[in-house]
Amino acid sequence: MRASGLALLAALAVSPASATARPAYPAPQLDFTPAQLALADAVRHDPDLAAFYGGNGLQPVFSGAEGAPRRAALAAAVAHASEHGLPAARYAIPQAGTGGAVDEVAMATVFVRWANDLTRGLVDPRKLASQIKRRPEGVDAGRALAEFAVAADPAAAMAALAPQDPFYLALQRALAEAPALTAPPGTPPAPAGTWKPGMRDPALADLRARLAALGFAPGPGGEVDLYDAGLAEAVLRFQQAAGLGADGIAGARTIARLNGDASDAQRAILIAMERWRWLPEDLGARHIWVNLAEYTTRVVQDGAVVFETRSVVGKATADFETPEFSDQMEYLVFNPAWNVPRSITVREYLPRLKANPNAVGHIDIVDSRGRVVPRSQIDFSRYTAANFPYRMRQKPSDDNALGQVKFLFPNEWNIYLHDTPTRWLFNETRRAYSHGCIRIHDPLDLAAELLSRQTADPQAAIRSALAREGEQWVRLTPAVPVHLVYFTTFPDAGGRLRHVPDVYGRDAPLWQALSQAGLGDA
């Protein structure tokens with residue numbers, strides 16, 4: 001065993017995993033105790049742990065008297081796994097935990113798993129849907145263990161592994177309070193339908209009973225079969241507490257939530273907590289937050305929303321759903337030309353051009369060198385989606401598809417934010433109409449907010465750019481992080497939970513994956 005231990009240490013000395021800068025380890029020793037050699041043998045199949053313990057001189061972190069505070073901190077942290085929406089069974093640690101290579105490695109494995117689950121989530125988001133582009137990185141196992149090993153307060157070090165953002169903390173609080181909106185068994189369900197003030201029906205007695213059982217009893221004196229002001233006020237209070245649109249009308253979503261149980265509410269929060277863990281650890285003190293499911297774009301500065309506007313996102317079809325990812329917004333482009341994506345060119349415009357070469361006449365046909373080609377010189381009937389050699393481009397104009405400005409964060413999916421001449425769509429409740437990019441209701445106001453940190457008079461800068469001919473590119477200095485997220489359940493500015501429809505149907509496959517990872521219906 002001594003020979004295998006020394007061979008392992010030699011291998012670790014050149015391991016790439018051990019090259020990352022980490023807290024200082026004790027000086028290497030030339031002789032090794034049987035316990036150290038047993039530890040070397042126990043970690044040899046795990047490259048991360050092998051690199052850490054090899055660089056650490058095969059010194060234990062959790063074993064013995066010195067490891068007692070770290071054992072206690074780990075046990076205490078994982079005992080609260082359910083508070084983070086994580087399955088406790090994933091973090092079983094040895095009961096004795098007093099020594100031995102097997103116990104040491106078991107506890108180190110639990111520590112790394114816990115740290116990874118808190119920072120990158122339980123499931124790989126890219127396996128859930130093609131339009132989820134996130135690549136959560138997790139932790140550097142060696143660095144995390146090394147920092148924990150020298151922490152003056154192991155309990156505080158364990159607590160620091162969890163997300164600390166107010167968004168996540170609000171979800172935690174909501175998870176703890178979720179059963180509060182669950183009616184006791186035997187309570188009659190709220191009647192199906194859309195119930196409004198002035199309506200009269202015997203079934204409204206059950207609606208009153210359901211609300212009362214949940215703690216939202218209408219005021220005394222109302223007629224049980226009448227949807228009066230008292231009943232409307234009770235419905236309104238319930239909607240506010242449940243994160244629904246609060247209008248005092250008991251429509252389909254309100255009835256469904258009234259008749260839901262604790263598992264429904266908890267499931268929505270668990271899904272949101274997992275999505276949060278996929279995000280970058282540092283969102284940026286100043287960042288752009290686009291919640292696709294909410295059709296809303298915000299600018300956040302030091303945790304406060306400083307700008308908010310309605311958005312239109314991609315259609316709810318496989319080809320046009322807006323993807324989820326994070327990037328850096330680098331440019332504003334005023335008077336933008338629209339380079340029509342090839343998917344739109346060959347799927348939508350080429351068939352029309354075959355039928356009528358003068359169709360979509362407001363868009364130029366250009367060759368590979370960017371030169372406009374007269375339509376009279378093109379026999380569109382010769383081409384298919386596979387071999388059409390031209391591109392299509394719309395000049396800057398009042399009716400340009402991108403409007404007056406686009407917001408670029410260069411990415412491989414060619415997704416960006418932009419203005420649009422199609423203004424009526426912003427009045428719709430469900431705003432999934434684009435080919436994937438995000439249309440902004442107040443684009444010039446968003447531009448002014450983004451430019452406000454680099455120019456004294458952003459409005460004047462915008463007017464000047466728009467007055468010039470052709471595209472006017474303005475670099476954002478510094479670039480601003482942008483996060484395209486998909487939260488169907490989320491806390492509002494006051495910490496109250498809100499729920500919106502799952503327009504892309506991404507919740508169900510995520511819940512299935514979480515269940516397979518051990519959450520089940522807990």
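Which residues are linked with Glu294 in a network of salt bridges? I found Glu294 joined in such a network with Arg298, Glu308 and Arg498, taking a salt bridge as a side-chain nitrogen of Lys or Arg within 4 Å of a carboxyl oxygen of Asp or Glu.

I note that this is a predicted model, in which local features need pLDDT of at least 70 and side-chain atom pairs count only at pLDDT 80 or more, while totals for chains, interfaces and linings use all residues. Residues are numbered from 1 along each chain as its sequence is written, and side-chain values use heavy atoms, with hydrogens and water left out.

Salt bridges. My search of the whole structure gave 20 salt bridges. I looked up Asp364 and Lys395, whose side chains meet at 2.4 Å, N to O; this pair links distant parts of the chain, with Asp364 in strand β6 (residues 364–366) and Lys395 in the loop between β7 (391–394) and β8 (405–408), 31 residues apart. Strands here are DSSP runs of E with at least two residues, and helices are runs of H or I with at least four, numbered from the N terminus. Asp364 counts as buried because its relative accessibility is 14%, whereas Lys395, at 49%, counts as partly exposed (buried is under 20% relative accessible area, exposed over 50%, partly exposed in between, with a 1.4 Å probe and protein chains only).
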